[in-house]
Amino acid sequence: MISPDELVRSDPETVISRLQELLGEDAVLTSPEALLPYETDAMPIHRRRPMCVILPPSRATLMAAVTLLHETQTPWTARGAGSGLSGGALAENNGVLISLARLREILSSDPRARRVEVEPGVVNQILNQELAGERLQFAPDPSSQLVATIGGNIAENAGGPHTLKHGVTVQHFLGCRLVLSDATELTIGGSEETMGGYDLLGLIAGSEGTLGLVTSATLRLIPLPESTRTFMAVFPDTEVAGNAVAALLGAGVVPSALEMIDAEVLDALESAFSIGFPKPAGAFLVGEVDGLKEEVAEEMLLVTCTLSDAGASEVRAANSETERVNLWRARKQAFGALGRVAPNYISHDVVIPRSVMPAMLRDISEIGKQHGLRIANIFHAGDGNLHPAILFDAADPAQAASAHQAGDAIVRRALDVGGVLTGEHGIGLSKRKNMAWAFSEEELALLDRLRRIFDPWNLSNPGKLIPAGVNVEEATSDVSAEGAPAESSRRPKRDLSTGEASLLSAIQDAYAERKQLIPVGGGTLRITPLCGRSPLPMRKLNRILAFEPADFAVTVESGVTLAEANDLLVDHGQQLSWEAPDPQRATLGGIVSAGYWSSQACRFGHPKYSLLGFRGISGGGEIIQFGATVVKNVSGYDLAKLIVGACGTLAVTTRLTLRTYPLARCGEMIEVIGNVKTLLHLADRLAATPYPWSRLDLNLNDNGAVLHVGFQGNQALIDRLRQEFEAVFRQVSAATEHGPLPLEMSRSTGKDFGRLERGLTDRLCWFDSALILKLVVGAEKTIPLVSQLLELLEANQALSKVRLQVHPTIGLVRVAIDPGFDDAVLRRLILEIAEQVRLTGGYRALDRAPGNPWWGWDGWGASRTLQDRMQRIGLVFDPRSVLPAQTPEAQSGAMR
Ligand SMILES: Cc1cc2nc3c(=O)[nH]c(=O)nc-3n(C[C@H](O)[C@H](O)[C@H](O)COP(=O)(O)OP(=O)(O)OC[C@H]3O[C@@H](n4cnc5c(N)ncnc54)[C@H](O)[C@@H]3O)c2cc1C
């Protein structure tokens with residue numbers, strides 16, 4: 001690789017003329033009038049004139065342009081629709097803006113697999129219009145979806161009103177091609193639920209284009225809901241409304257949307273559009289429930305009762321599309337109304353724990369009074385994501401300065417109450433100066449080192465997300481134009497417990513003495529041999545640190561076992577989405593580190609999405625903390641995603657904040673025992689339906705097969721799901737030459753059902769085996785892969801020593817191999833399994849390999865082409881290999 005010092009920046013005239021030669025003059029905008037719309041994004045307080053704007057017409061020309069910009073050392077910034085709200089899509093340092101407006105093709109679509117591959121300039125709403133014919137959708141729906149592009153959604157990890165139930169962009173982002181600033185193109189992820197190795201997709205989502213440019217993206221689709229009901233409720237004030245939101249979530253209803261506006265916005269709406277709200281109205285809530293019609297009908301009853309009991313003066317549901325549009329009108333026109341009642345406003349974006357929302361709203365109002373300003377609140381109430389809009393007149397410099405100071409005060413208050421800098425708008429230029437309030441100097445330096453792995457030249461959207469100079473609060477010249485100068489630095493405090501302090505000194509000593517350590521939790525998912533490393537016992541960190549039921553999150557020390565955490569939660573009607581083969585022994589730190597996932601992913605999605613925050617000690621002996629008790633967070637790179645499944649190679653985790661979920665009100669499980677082939681067919685058919693099975697597992701061994709199908713929710717939903725299951729069952733059963741299948745059913749409800757589910761997981765997952773292999777493929781390829789594996793096992797006469805656990809909705813297969821195999825046979829067998837997975841297009845890894853030779857397998861299955869980057873990520877956290885390395889080569893010292 002050419003060193004960054006060997007290249008020099010060319011002058012702008014040369015760059016422009018070479019770009020014109022390459023792309024043609026019409027694809028290079030240079031005149032001041034043509035550049036004007038590109039000088040700002042949707043947050044016009046920032047203004048940067050780019051050197052020029054290029055509009056590459058194809059991926060190939062885009063790559064050629066990036067190569068040229070690298071040769072000439074010209075910084076560049078990707079630009080989607082420019083609807084960002086933090087100045088992210090502006091070119092710093094006289095750089096080039098790369099508009100993706102001409103890359104708008106849907107490259108491929110696979111409705112059965114529920115995946116689509118698109119170019120980055122595809123507009124969110126247009127994609128969803130195309131998908132509607134297949135009754136599918138790309139769930140993230142930023143309010144800007146009419147113009148916002150998929151590239152911009154990924155770069156900002158966009159959310160939207162409906163992400164409360166369906167999740168933000170990263171939860172629907174399966175793979176991409178990423179072009180780096182030296183024009184290297186990486187292919188990351190693809191069709192599988194997770195990628196092998198460190199979660200680079202989690203790192204890219206929300207990275208604001210600072211790591212590279214997404215040239216294509218593979219997205220997960222979900223079925224359009226069968227039924228949707230919209231409701232509104234009016235409250236005397238935001239405090240009563242906030243408590244009503246907590247009561248609703250506590251009742252186990254997860255609305256697809258839950259949006260609130262306060263009295264200030266209601267007044268603005270009334271004077272701008274005469275909407276006719278009932279008086280007096282201090283807060284207005286609009287929300288939606290969606291799903292199967294039986295589920296929605298019952299949830300609407302619960303919504304009406306809960307909100308009325310919690311103090312709503314009126315609760316109304318829309319009975320037609322027109323009424324639905326009218327109910328949403330207030331929320332959708334809110335920002336427009338503010339524009340009419342004040343010359344200017346700054347819309348902020350912070351996320352706080354839900355339980356402190358009423359207090360935070362009081363504080364915001366107080367901050368407004370202190371600065372002599374009106375502040376209106378429009379927010380995603382279910383997510384705790386607030387958008388306080390500070391109204392001011394930019395023509396009055398004193399008022400403008402006050403507005404910026406009030407904004408800073410709100411951000412600080414949000415951090416003080418345990419929140420984060422931003423949940424949707426990103427850091428961009430707007431919040432660079434605030435980064436030092438949330439991150440320590442070491443953490444910011446770590447973010448910068450991570451960025452340099454992808455862009456050592458600092459060409460890809462420079463000056464965004466990471467403050468210039470880690471010791472400097474804000475180094476740009478335009479602070480006064482864009483906001484009041486930041487107050488003196490106030491670094492976050494990381495108070496260490498005694499246990500953490502002793503771990504820190506053990507790791508720092510090991511670093512100084514070049515010793516090697518290995519954290520040891522419950523020892524249930526052992527994949528790294530000790531190999532002379534000194535064990536760090538983690539079980540001593542065994543305190544539950546914080547649990548506020550209304551926040552739906554728990555903070556624990558990493559040595560707490562899964563059973564200990566769930567025992568506490570069950571008493572409050574909640575549970576974790578994490579699982580483990582032996583929950584009594586498995587520590588949460590160990591489970592997160594192994595990235596263990598299983599049946600519950602069917603209901604909750606991969607558990608990595610529920611790691612909201614963590615604290616750890618890197619192999620370099622630095623304290624690292626990321627995240628908080630909040631469900632949305634785009635403040636800096638998502639280090640939490642990197643930690644999941646990293647097998648302890650990056651940091652020793654000491655604390656975790658995990659999202660919790662309401663226990664299902666009712667549940668039912670069906671067990672089907674029968675012929676292997678027929679059950680494979682049945683599982684495949686069930687997995688292809690749009691129904692939300694809470695569990696769909698198939699367990700196979702030489703005695704036969706057993707299929708478990710779970711239904712959870714309200715009784716009406718369960719009844720409907722049972723009918724849908726029986727319809728598929730009857731068809732498969734009628735077609736089989738082996739006659740009707742025996743059907744065994746068990747039913748349980750409420751808390752007991754949660755226990756039954758977990759009990760089943762424990763019983764099925766725990767194999768006292770020498771080796772557990774994990775195979776991950778696109779969900780639709782699961783059953784074909786299992787059929788091939790069964791043939792392979794039979795040919796090797798290995799069926800009696802092997803058990804398979806198959807999760808066809810999530811593309812996961814576990815192969816448990818009992819001890820007592822002849823080494824040569826075992827070696828041949830697992831190489832053949834590896835080949836089968838390679839041909840299917842997934843990845844393979846280890847879940848458990850106590851003391852075994854690995855024969856080329858590793859704990860995480862990173863693709864060879866990405867191992868170089870992953871190795872460098874490892875070095876950023878652990879420069880002296882104090883912590884375990886993951887690949888066999890690395891373990892033997894060859895890689896790190
Ligand atoms: C009225 C309004 C409502 C909004 N509502 C929401 C909301 O509900 N939720 C929400 O999350 N956001 C919301 N936003 C913010 C914004 O629309 C989203 O963040 C959106 O995803 C940005 O998409 P874009 O195409 O406009 O990106 P741009 O603004 O063009 O770019 C945003 C960032 O992404 C980078 N980028 C763009 N394309 C690529 C690419 N292909 N590869 C790498 N980096 C790239 C840019 O460099 C920049 O840093 C709203 C904005 C407005 C104006």
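Two strands are taken to pair if DSSP finds at least two bridges between them. Helices (H or I, at least four residues) and strands (E, at least two) are DSSP runs, numbered from the N terminus. The model is a predicted one, in which local features need pLDDT of at least 70 and side-chain atom pairs count only at pLDDT 80 or more, while totals for chains, interfaces and linings use all residues. Residues are numbered from 1 along each chain as its sequence is written, and side-chain values use heavy atoms, with hydrogens and water left out.

In the hairpin of β22 and β23, 4 residues stand between the strands, and Phe552 takes a positive phi near 50°. Strand β22 (residues 544-548) is joined to β23 by 4 bridges, and the two run antiparallel. Within this pairing, Phe547 stands opposite Val554 of β23. Strand β23 also runs antiparallel to β27, to which 5 bridges join it; here the bridge partner of Val556 is Leu656 in β27. Burial is expressed as relative accessible area (buried, under 20%; exposed, over 50%; partly exposed, in between; 1.4 Å probe, protein chains only). By this criterion strand β23 (residues 553-557) is mostly covered, with 5 of its 5 residues buried. Ala553, Thr555 and Glu557 point one way from the strand and Val554 and Val556 the other way, and all are buried.

Val118 has Ala217 of β10 as its bridge partner.

In soluble globular proteins, nonpolar side chains tend to be buried together. A nonpolar core is here a set of buried Ala, Val, Leu, Ile, Met, Phe, Trp, Tyr and Cys residues joined through side-chain atoms within 4.5 Å. The largest such core has 128 residues, of which Ile188, Leu307, Leu450, Leu588, Leu639, Ile873 and Phe877 touch the most other members. Helix α14 (residues 397-416) gives the most to this core, with 7 residues. Apart from this core lies another, of 56 residues, among them Leu679, Leu717, Ile817 and Ala849. When residues up to four places away in sequence are not counted, Leu639 touches Leu446, Leu447, Leu450, Phe614, Ile624, Phe626 and Phe877, contact meaning heavy atoms within 4.5 Å.

The structure holds 7 aromatic pairs. Rings of Phe, Tyr and Trp (its six-membered ring) pair if their centres lie within 6.5 Å; planes under 30 degrees apart count as stacked, over 60 as edge-to-face and the rest as tilted. The rings of Phe604 and Tyr661 have centres 4.5 Å apart and planes at 40°, so this pair is tilted. Because Phe604 lies in helix α21 (residues 601-604) and Tyr661 in strand β27 (residues 651-662), the pair ties together parts that are 57 residues apart in sequence. Both Phe604 and Tyr661 are buried. Elsewhere, ring pairs link Tyr691, Trp693, Phe711, Phe725 and Phe729 into a cluster.

Charged side chains also lie over aromatic rings, the criterion being NZ of Lys or CZ of Arg within 6 Å of the ring centre and within 35 degrees of the ring normal. Lys332 lies over the face of Trp328, at 5.5 Å from the ring centre. Arg880 lies over the face of Tyr511, at 4.2 Å from the ring centre.

Positive phi values are found in loops as well. Gln797, in the loop between α26 (782-795) and β33 (802-807), has a phi near 50°, a positive value in a residue other than glycine. With 72% relative accessibility, Gln797 counts as exposed. Ser881, in the loop between α28 (867-877) and α29 (888-891), likewise has a positive phi near 50°, but Ser881 is buried, with a relative accessible area of 12%.
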